[in-house]
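Please report on the pockets of this protein and the residues that line them.

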Amino acid sequence: MKRIVVASKNRNKIREISLALDSMGIEVLSLEQFDVPEAPETGDTFIENVYQKSYFYVKLIGLPVLSDDSGLVIDALEGAPGVYSSHFAGVGASDKDNIKRVITLLNNKKLKESGAAFKCFMMLTFPDLKGYWSQGELKGKVITKPRGAGGFGYDPIFIPVGDLRTLAEYTIDEKNRISHRGRALRKLVGILKGEADV
Ligand code: IMP
């Protein structure tokens, strides 16, 4: 395997994955380099979405495809926003809108915080449809007073276990070391390194 396509146009994600696979001599390509339609993402679970994206692009492009799906799971909201994290406050919602909706729902329950976790599922699929998958998790809690200017998504309301800072108060390197995506990626790299024929 010399080249893989990451099923995303998010440049931060592409950079993070390139860094991890660089030492294996693998070139990472972005979806931006291909003229392909957007894959459907209609699953009710992270795994369904990851499978859907992988198979859609591997069949169209004919190169190994790495896809991922992640989101925030909040205990007091029965696992919401989960797979709906990117558009929790509606189609086209901004990160601020989504955070506001979480805070409103926690306020309605008279809660100032709740246990929560970021989850990431990742899958590398080959043109012969052989696949490898991994997952990563970051446990912590969500709060109702956003803090910090870094990161994206729900970072301003998420505090990792054992810390007092929100993820939006972390540097990018610090976040990558502990993040759900970083963990899933390192596990996948570990699996690939152990596979002689990959
Ligand atoms: P994706 O599957 O990586 O595109 O993530 C889906 C959504 O989950 C994002 O749009 C964010 O709302 C949320 N999310 C995923 N990862 C993170 C993170 O590291 N910090 C904050 N929010 C995240």
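How many nonpolar, polar and charged residues does the lining of the largest pocket have? It has 14 nonpolar, 13 polar and 12 charged residues. Here Ala, Val, Leu, Ile, Met, Phe, Trp, Tyr, Cys and Pro count as nonpolar, Asp, Glu, Lys and Arg as charged, and the others, Gly among them, as polar.

## Basis

This is a predicted model, in which local features need pLDDT of at least 70, side-chain atom pairs count only at pLDDT 80 or more, and totals for chains, interfaces and linings use all residues. Residues are numbered from 1 along each chain as its sequence is written, and side-chain values use heavy atoms, without hydrogens and water.

## Largest pocket

The volume is about 970 Å³. A pocket is an open set of points on a 1 Å grid over the protein atoms alone, where a 1.4 Å probe fits, with protein on both sides within 12 Å along at least five of seven lines; lining residues have an atom within 4 Å of a point. Volume is the space filled by probe spheres set on the points, which are joined across faces, edges and corners.

Lining residues number 39. Closest to the centre are Lys 13, Glu 41, Lys 53, Asp 69 and Ser 86. Helices H2 (46-61), H3 (95-108) and H5 (180-193) and strand S3 (65-74) each supply at least two lining residues. S3 gives the largest share, five residues. Helices (H or I, at least four residues) and strands (E, at least two) are DSSP runs, numbered from the N terminus.

## Second largest pocket

This pocket holds about 360 Å³ of space. Its lining has 18 residues, with Asn 12, Glu 16, Phe 152, Ile 172 and Asn 176 nearest the centre.

Helices H1 (11-22) and H4 (172-178) each supply at least two of the lining residues. H1 gives the most, with five. By class, the lining has five nonpolar, six polar and seven charged residues.
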